[in-house]
Amino acid sequence: MLAATRNVGMVLGIALGGAILTARQSTHLDLGRSAAFLAGLQEAYLTAMLLSLIGTLVCLWAGPPRSE
């Protein structure tokens, strides 16, 4: 079950990154194709960083798992 959850998370992360890259790249086409790609990629990486930071803070706030 843990491996399936990890795989679903990886697939969703790649899909979200690709969607953000495509959406943001189209807004920067006035810069040229290469610069638009890099600008979209930068925004996709920044979004991934923000989501990772939020996840880290939630894990730190929740504390260690309770033993039963």
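Predicted model: local features only at pLDDT ≥ 70, side-chain atom pairs only at ≥ 80, totals over all residues.

Author: Residues are numbered from 1 along each chain as its sequence is written, and side-chain values use heavy atoms, with hydrogens and water left out.

Reader: How many helices and strands does the protein have?
Author: Two helices and zero strands, taken as DSSP runs (H or I, at least four residues, for helices; E, at least two, for strands) numbered from the N terminus. The radius of gyration is 16 Å, well over the 11 Å that the globule rule gives for 68 residues, so the protein is more spread out than a compact globule. That radius is taken over C-alpha atoms, and the rule is 2.2 Å times the number of residues to the power 0.38.

Reader: And what percentage of the residues count as buried?
Author: Of the 68 residues, 10%; buried means under 20% relative accessible area, exposed over 50%, partly exposed in between (1.4 Å probe, protein chains only).

Reader: Which residues of α2 are buried?
Author: Ala36, Ala39, Gly40 and Ala44. Their cover includes α1 (2–27), where contact means heavy atoms within 4.5 Å.

Reader: What follows α2?
Author: Gly63, with a positive phi near 80 degrees.

Reader: Switching to Thr56: where is it?
Author: Thr56 sits in helix α2. Thr56 counts as partly exposed, at 43% relative accessibility. Its C-alpha atom is 19 Å from that of Leu2, 54 residues away along the chain.
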